[in-house]
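Reader: I have the sequence and the model open. Can you walk me through a few spots?
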Amino acid sequence: MSGVLIDVPGLHLGHTSLGDTGVSVVVVPDGATAAVDVRGGGPGTRETDLLEPHNTVQQVHAIVLSGGSAYGLATADGVMRELESRGIGFPVIGDIIVPIVPAAVIFDLLVGDSNHRPSALDGQSAVCAALDGLPDMSSGSVGAGCGATAGALRGGFGQASMQVGKYVVAAGIVANPVGAVVDTRDGTLWGAPGIAPVDVAAFRALQPLATKLNTTIGVVATNAPITKQQAKRLAMVGHDGLARAIRPAHSPLDGDTLFALSTGAADGVTLDDMVALSTAAAEVVHMAIIDAVTAARSGYGVTSYRDIAMEAPK
């Protein structure tokens with residue numbers, strides 16, 4: 001399944017869904033200014049150091065979000081191979097190119113078969129879906145969200161976007177937190193009063209999986225011409241949205257990681273623009289987590305929000 005990451009030109013989203021695990025890839029054929037902010041105590045990542053503002057590489061060609069715990073980092077190998085075969089990458093010398101492909105993974109090994117993990121071939125197929133497939137804006141149990149859990153509920157992959165003046169800010173998030181997305185006092189989702197609450201008694205009766213190893217990962221993207229330093233700020237404030245939707249967030253057992261991408265010219269925006277973009281970054285991350293959880297379907301012994309909601313989700 002594939003699609004364009006909500007309304008941001010130049011970004012392409014592809015999923016490989018494997019039932020109890022999967023991989024999601026955001027591909028940027030022309031490159032994107034990028035940064036990352038890692039807040040969780042147990043991250044699983046690849047190529048994140050090069051995204052620091054003081055380091056040389058300025059653009060990436062894809063971001064990989066994968067299930068499979070640390071084993072899932074192998075999906076980035078397949079993403080690199082497919083991009084290279086299409087001539088997408090950083091030109092080094094002569095005909096040599098190197099695609100820049102940072103990655104982050106979630107722990108989903110207790111959902112379904114613990115020996116079933118996304119491979120390099122699955123990463124490769126996700127790139128093909130992103131660049132060649134028909135648009136599909138599915139949320140929930142798709143791609144890297146297939147094996148996600150949100151506390152005692154099924155997690156998933158979610159998207160959201162906002163218009164900020166002449167720019168767009170969007171988020172694609174794999175919601176897989178240790179913390180809860182539900183306020184047990186009244187059954188509402190944290191920070192989402194307009195969403196139907198769950199049956200509190202039914203929710204309290206649920207048993208989360210035995211492990212407390214999880215992680216919420218994702219991408220905040222915009223077409224605003226931000227610099228690498230400004231992209232870092234968007235990645236940082238995106239975590240505010242994560243903390244609004246999940247309690248607790250950024251625990252020692254989560255690997256919470258957010259990437260920020262811009263398809264703009266990297267000329268930089270004004271301080272007022274950055275304030276507006278930052279506000280939107282936090283909001284779309286929050287909205288994308290809500291989208292992930294409310295769209296997910298029950299399976300592999302994990303109950304979904306949809307099954308215990310007081311009103312049937314639309």
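Predicted model: local features only at pLDDT ≥ 70, side-chain atom pairs only at ≥ 80, totals over all residues.

Reader: OK. Is E47 buried, exposed or partly exposed, and why?
Author: E47 counts as partly exposed because its relative accessibility is 38%. Its phi is near 60 degrees, a positive value in a residue other than glycine.

Reader: Where is E47 found?
Author: In the loop between β4 (45-46) and β5 (59-66). Helices (H or I, at least four residues) and strands (E, at least two) are DSSP runs, numbered from the N terminus.

Reader: Which peptide bond is cis here?
Author: The one from R247 to P248 is cis, with omega near -5 degrees. P248 sits in the loop between α4 (228-245) and β14 (257-262).

Reader: What about H250?
Author: H250 is also found in the loop between α4 and β14. Phi of H250 is near 60 degrees, a positive value in a residue other than glycine. H250 has a relative accessible area of 23%, so it is partly exposed.

Reader: New topic. How do α4 and α5 cross?
Author: The axes of α4 and α5 (residues 271-295) come within 7 Å and cross at roughly 40 degrees. Axes are lines fitted to C-alpha atoms, for helices over the stretch in contact, and angles run from 0 to 180 degrees between N-to-C directions.

Reader: Why is α4 called oblique to α5?
Author: Because of that crossing angle, α4 is oblique to α5. Angles under 35 degrees count as roughly parallel, over 145 as roughly antiparallel, 65 to 115 as roughly perpendicular and the rest as oblique.

Reader: Which residues of α4 and α5 meet?
Author: Among them are L234, V237 and L242 in α4, and M274, L277 and I289 in α5. Contact means heavy atoms within 4.5 Å.

Reader: Last one: is N176 buried or exposed?
Author: N176 is buried, because its relative accessibility is 0%. N176 lies in the loop between β12 (167-175) and α3 (200-204). Leaving aside neighbours within four places in sequence, N176 is in contact with residues including F107, T149, N214 and D254.

How values were computed. Residues numbered from 1 in each chain as written. Heavy atoms only, no water. Buried < 20%, exposed > 50% of the residue type's maximum accessible area, 1.4 Å probe, protein only.
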